[in-house]
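I opened a new notebook page for this chain. Here is what I looked up, in the order I went through it.

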Amino acid sequence: MRRAGRWTAIVLVAGFGAWLGIAVSGGVRSSLGPVEVGLSLRPAWEGQTVVDVHPLGTLQFDSHDAPLRLRVTLENINQDLARAMIDDPRLADRLPDLIEDDLRAGVTALLVRSLLFALGGALLAGIVVFRRVRAALAALLVASLCAAGAGAAVAATFRPQALVEPRYTGLLTGAPSLVGSAESIVTRFESYRAQLTKLVSNVSQLYDTVSALPVYDSDPNSIRVLHVSDIHINPIAWNLIRTVTSQFKIDLIVDTGDLTDHGTKPEDAFVKEIGRLDVPYVWVRGNHDSKGTQRAVARQKNAVVLDDRSATVKGLRVYGIGDPRFTPDLSAQANNDPAYLLDHGRRHDVGEKPVDLVAVHDPIIAEGFSGRTPTVLAGHAHARSTKLLPTGTRLLVQGSTGGAGLRALEHEDPTPVMASVLYFDKDTHRLEAWDDITMGGLGQQSVQIQRHIEEQPGRTILPEPASAPTPTGSLKASATPEDRG
């Protein structure tokens, strides 16, 4: 028992000493092409790589599973080299090799420095605590084994493809340039070096402009769709929609309902903001929207109201139906039986022509279109989720773009403001990637953006079996009944 206790103490002391050694190591500075960066390594509960592009924000990559965090901090930009790289295609062609060599040298120097400080810290801690050479050497041995194990874990779980799915936090105006074109990411999915080069190039171009951010270089082979839902007459939603539409060069907006709270005539003035947007606004009725709301939306010059019909908008054929219920408050009676809602979706015909996208309000109704379209959009739950149905249909449920309206005041933590940018291939009309945008508080500047890549955009969509079961559960992210719109 005493022996076990002694080794436990040695492990704890060695771990603390190694952690303290790494903490005071300070990291290293290295060049990545025209960008000078600081590299640091720290123990962490979750393994990840963080790129800090101050003041624009941070990019996080789920690059490995080992309990170590690699932080890359922008320190300086070589303006002359950045301009030469942007202007000279020959230099840009050599950039991937240059960056890869620089990164390898920088990471190697960081690992050697961190290892030496970790071992030195463990040895020093052992001497200070135990005051015996043998115990200090045992602590050094433990730290060496831990370091070897951490290195093996990083090597075994390293995912270079994580560069294509960054999570961005920072200024919304900087997001498109830093995150980059989703279509280009899809087409170059297997090229790790190209992604690294693109990231460094984006940072260089941003800082080269100094006074103004560059225009987002939107990919000509993608159709960009902004998915919003459950605005609930919150004006903050229009600020977010206008900003994202401009920064991400959105081609069309799809709103999956609950634009209003009670569907009354005074609320019709709120929908006039739709007419001030410069892109088509596809809309389906939610359970808080009345037929009067639907007519008010239809009067807007750029609105495309879908209620059991389809329309081709910006090259995408979209079908939509309004919610069969109108429940502006809890006193209104409605049929919320899942079997009824699922059947409501199943018995609506999308038409003879294939549709690229279906828009409805309720996720259960959305499942009724499984096997009849590659992608279905819904809202209603005030919680974002996604689900790949057995038929191959992708169901995307949006959170509340209006932060649940006044309902946000009913809880201690306000409902996040959410929207998503969907990237469809212009030729195949298939969804290839999407950016989930989450705004945690008031204002529209600080946001988090998580990119997702559709692994099999060209998958076969199978028809729903004739005896398909009735849904008995909810999507992976659900809301409480009080939260539902």
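**Whole chain.** I noted at the start that this is a predicted model. I counted 11 helices and 19 strands in the protein chain. The chain has 485 residues, and 55% of them count as buried. I then checked contacts with a separation of 6 or more: 66% are between residues 24 or more positions apart. The accessible surface is about 22500 Å², and carbon and sulfur atoms hold 57% of it.

I traced six strands in an open sheet, in the order 11-12-13-14-16-15, with mixed pairing. Which strands stand at the edges? They are strand 11 (309-313) and strand 15 (385-388). Each has a single partner strand, so one side of each lacks a neighbour in the sheet. Neighbouring strands here are turned by 20° against each other on average, direction ignored. I looked at strand 15 again: four bridges join it to strand 16 (residues 394-397), and the two run antiparallel. Leu-388 has Arg-394 in strand 16 as its bridge partner.

**Salt bridges.** My search of the whole structure gave 15 salt bridges.

Asp-62 meets Arg-159 at 3.0 Å, N to O. Asp-62 lies in the loop between strand 4 (57-61) and strand 5 (68-77), and Arg-159 in the loop between helix 4 (133-157) and strand 6 (167-171), so the pair ties together parts 97 residues apart in sequence. Asp-62 is partly exposed at 47% relative accessible area. Arg-159 is partly exposed at 22%.

Arg-384 meets Asp-436 at 3.4 Å, N to O. Arg-384 sits in the loop between strand 14 (375-378) and strand 15, and Asp-436 in strand 18 (residues 431-439), so this pair links parts 52 residues apart in sequence. Arg-384 counts as buried at 18% relative accessibility, and Asp-436 counts as buried at 11%.

Asp-435 meets Arg-451 at 2.7 Å, N to O. Asp-435 is in strand 18 and Arg-451 in strand 19 (residues 446-453), so the pair ties together parts 16 residues apart in sequence. Are these two buried or exposed? Asp-435 is buried at 0% relative accessibility, and Arg-451 is buried at 1%.

I also found that salt bridges with shared partners join Asp-62, Asp-65 and Arg-159 into one network.

**Nonpolar patch.** I found a nonpolar surface patch of about 690 Å², made by Phe-16, Trp-19, Leu-20, Val-24, Val-112, Leu-116 and Phe-117. Helix 1 (2-25) and helix 3 (89-130) each give two or more residues to it. Helix 1 gives the most, with four. Leu-20 is in helix 1 and counts as partly exposed at 39% relative accessibility.

Key
Residues numbered from 1 in each chain as written. Predicted model: local features only at pLDDT ≥ 70, side-chain atom pairs only at ≥ 80, totals over all residues. Heavy atoms only, no water. Patch = residues over 30% accessible without salt bridge, like charges linked within 9 Å, V, L, I, M, F, W, Y side chains within 5 Å. Areas by Shrake-Rupley, 256 points an atom, 1.4 Å probe, with all protein chains shown as cover. Salt bridge = Lys/Arg side-chain N within 4 Å of Asp/Glu carboxyl O. Buried < 20%, exposed > 50% of the residue type's maximum accessible area, 1.4 Å probe, protein only. Contact = heavy atoms within 4.5 Å. Pairing = 2+ DSSP bridges. Axes fitted to C-alpha atoms, helices over the stretch in contact; angles between N-to-C directions.
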